[in-house]
Amino acid sequence: MKRCFPLLALALFSCSVTAPTVGVTGITLNTQSVTLVTGRACTLTAIAAPADATDTAVTWTSSDAAVASVASGVVTALAAGTATVTAATEDGGFIASCVVTVTGAVASGVTGVSLGRSTVTVVVGDAYALSATGAPAHAADGTGAWASTDAEVATVADGVVTARGTGTATIIATTRDGGFTATCTVTVQPLIETPDA
């Protein structure tokens, strides 16, 4: 007797496994405050939590784009003032902010320097303070090194001239940025002592 076995057709099924979506639970920035000089830039980094969040995209905004602009986390200082730069996650709308303070000084561009006086007459032992002003007035590194052409007549430190001996010396102020100079001629006279009455 013949036995007949039914043929079993095996169907193979294929399926794809989708990784679970991990939602954002918060955001922080690498710094909460920064001070910049006009014309300078810095980069803020947004750090989403958790570290394995699926969508970590953020949108950047500035509370005052005239003071500081922001694009992809790069903050550019435009004018003196304060602005708050904010990063907001596209997933969940979480935000983190950084206060940006912009100073009015420029990073470079000194065009000259001047002293308050071009000539000074003092007596031996006296001291006189010279003030060096960089141009433009808000330029960074407007003042720098001080020097005297004759230290036996007059020495100088941070603009303070001290009369050492009779004669004439030239005080020179030099800017760190650009090496511009300004001079003041110092004449030192002898100290005349009055006789006791």
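**Strands of a predicted model**

Among contacts (heavy atoms within 4.5 Å) in the protein between residues at least 6 apart in sequence, 57% join residues at least 24 apart. This is a predicted model, in which local features need pLDDT of at least 70 and side-chain atom pairs count only at pLDDT 80 or more, while totals for chains, interfaces and linings use all residues. Residues are numbered from 1 along each chain as its sequence is written, and side-chain values use heavy atoms, with hydrogens and water left out.

Me: How many strands does the secondary structure of the protein come to?
Reply: Helices (H or I, at least four residues) and strands (E, at least two) are DSSP runs, numbered from the N terminus. By that rule the protein has zero helices. The strand count is 18.

Me: What percentage of the 197 residues in the protein is buried?
Reply: Buried means under 20% relative accessible area, exposed over 50%, and partly exposed in between, with a 1.4 Å probe and protein chains only. Of the 197 residues, the share that counts as buried is 29%.

Me: Which residue in β16 is the bridge partner of Ala129?
Reply: β12 runs antiparallel to β16 (residues 160–163), and three bridges join them. In β16, the partner of Ala129 is Val160.

Me: Which residues form the covered face of strand β6?
Reply: In a regular strand the side chains alternate between the two faces of the sheet. β6 spans residues 68–71, and its uncovered face holds Ser69 and Ala71. The covered face holds Ala68 and Val70.

Me: Which residue in the turn between β6 and β7 has a positive phi?
Reply: Four bridges join β6 to β7 (residues 74–77), and the two strands run antiparallel. Val70 stands opposite Val75 in β7. The two strands form a hairpin with two residues between them. The turn residue with a positive phi, about 55 degrees, is Ser72.

Me: Is Gly134 buried or exposed?
Reply: Gly134 lies in strand β13 (residues 132–135). Gly112 is 22 residues away from Gly134 in sequence and 5.9 Å away in space, C-alpha to C-alpha. The relative accessibility of Gly134 is 11%, so Gly134 counts as buried.

How values were computed. Pairing = 2+ DSSP bridges.
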